[in-house]
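Please read them with the coordinates open.

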Amino acid sequence: MAEETESKQSAVESVMEKISEKIHGHDSSSSSDSDSDHEKPASPSSVKAKIYRLFGRERPLHHVLGGGKPADVFLWRNKKISAGVLGGATAIWVLFELIEYHLLTLLCHISILSLAVLFLWSNVHTFIHKTPPRIPQVHLPEEPFLQIASALTIELNQALELLRDIASGRNPKFLVVVAAFWVLSVVGSWCNFLTLFYTSFVLLHTVPVLYEKYEDKVDPFAEKAVIEIKKQYAVFDANVLSKIPTGPLKSEKV
């Protein structure tokens, strides 16, 4: 009897040991799985770091510049076309600024030369046994000019509305606009309109492509500069602008 009871107790103990081993094995496996889940890094697609871009843009620079052929020219997608456009602008600037050729004189000389060549060719083609020149009939469509005029009108109206809001005190960009006009006046005293236009044209063909190439290095510096400018503007606003009496429109808005 004693042997039977001991064998039963040993059998029960062995069963209990097996059950406890299974429970502990399941707990350890579940804990290891949970630990592995916690230690598993998040995929790049699930967590997307927010990168600062200049002027707060979220689209590529090509789309910011309007896309299409103008953006391709500014970003040198086709190097031959971009180089040709920049070379043509340089030739025009050299012709009018360095050689001091006048636009009206140039147009008149080109017209005289073209008319003289066509007139002589039309009258002496029988003597030189050449076919007469085929002068095409030029007809300018109205739609492109209307579209350009409409776009310019919209831009001018927006600019006038912005200036009106600033002058009436409803837009806090007063200092920015004044600083922009002051910079333009200083630059205008250094050079004439043609040189200023040519300089802007060259910058449009160089700055965007350089920025697109080194934007990962430029954007951190731009972010620091923007933060510092905002701090200085906040100090200036607290010390100066907030003490200026507001107009009736601004007080009503407040």
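**Glu 212, Arg 77 and the rest of the chain**

1. Glu 212 is partly exposed, with a relative accessible area of 28%. On this scale, buried means under 20% relative accessible area, exposed means over 50%, and partly exposed is in between (1.4 Å probe, protein chains only). Glu 212 forms a salt bridge with Arg 77, and the closest N and O atoms are 2.9 Å apart. A salt bridge here is a side-chain nitrogen of Lys or Arg within 4 Å of a carboxyl oxygen of Asp or Glu. Glu 212 belongs to helix α8 (residues 193–213) and Arg 77 to the loop between α3 (68–74) and α4 (79–98), so the pair ties together parts that are 135 residues apart in sequence. Arg 77 is also partly exposed, at 44% relative accessible area.

2. On the basis of the model: this is a predicted model, in which local features need pLDDT of at least 70 and side-chain atom pairs count only at pLDDT 80 or more, while totals for chains, interfaces and linings use all residues. Residues are numbered from 1 along each chain as its sequence is written, and side-chain values use heavy atoms, with hydrogens and water left out.

3. On confidence: the mean pLDDT of the protein chain is 76, and 73% of its residues reach 70 or more. Residues 26–49 have pLDDT below 50, and beyond near neighbours in sequence this stretch has one contact in the model. The pLDDT is the predictor's confidence in each residue, from 0 to 100, and contact means heavy atoms within 4.5 Å.

4. On the fold: the protein chain has 10 helices and zero strands. Helices (H or I, at least four residues) and strands (E, at least two) are DSSP runs, numbered from the N terminus. Of the contacts in the protein chain with a separation of 6 or more, 53% are between residues 24 or more positions apart. Buried residues make up 11% of the 254 residues.

5. Not counting residues up to four places away in sequence, Asp 165 touches Arg 170 and Asn 171.

6. Leaving aside neighbours within four places in sequence, His 205 is in contact with Val 73, Phe 74, Trp 76, Ser 82, Val 85 and Leu 86.

7. On backbone angles: most residues other than glycine have a negative phi. Trp 76 has a positive phi of about 60° although it is not a glycine. Trp 76 sits in the loop between α3 and α4 and is partly exposed, at 24% relative accessible area. Glu 100 likewise has a positive phi of about 60°. Glu 100 is in the loop between α4 and α5 and counts as exposed at 59% relative accessibility.

8. Leu 118, Phe 119, Leu 120, Trp 121, Val 124, Phe 127, Ile 128 and Ile 135 make a nonpolar surface patch of about 810 Å². Patches are made of residues with over 30% relative accessible area and no salt bridge; like charges are joined within 9 Å, and nonpolar side chains (Val, Leu, Ile, Met, Phe, Trp, Tyr) within 5 Å. Leu 118 lies in helix α5 (residues 103–124) and counts as partly exposed at 30% relative accessibility.

9. On the record: the UniProt annotation "transmembrane region" (unreviewed entry) covers residues 81–96, 102–121 and 174–198. UniProt positions are given in the numbering used here, feature names are shortened, and annotations may be inferred rather than shown by experiment. Over residues 81–96 the chain is 100% helix and 0% strand, with the end C-alpha atoms 23 Å apart. Over residues 102–121 the chain is 95% helix and 0% strand, with the end C-alpha atoms 29 Å apart.

Note on methods
Accessible areas come from the Shrake-Rupley method with a 1.4 Å probe; for residues, only the protein chains shown count as cover.
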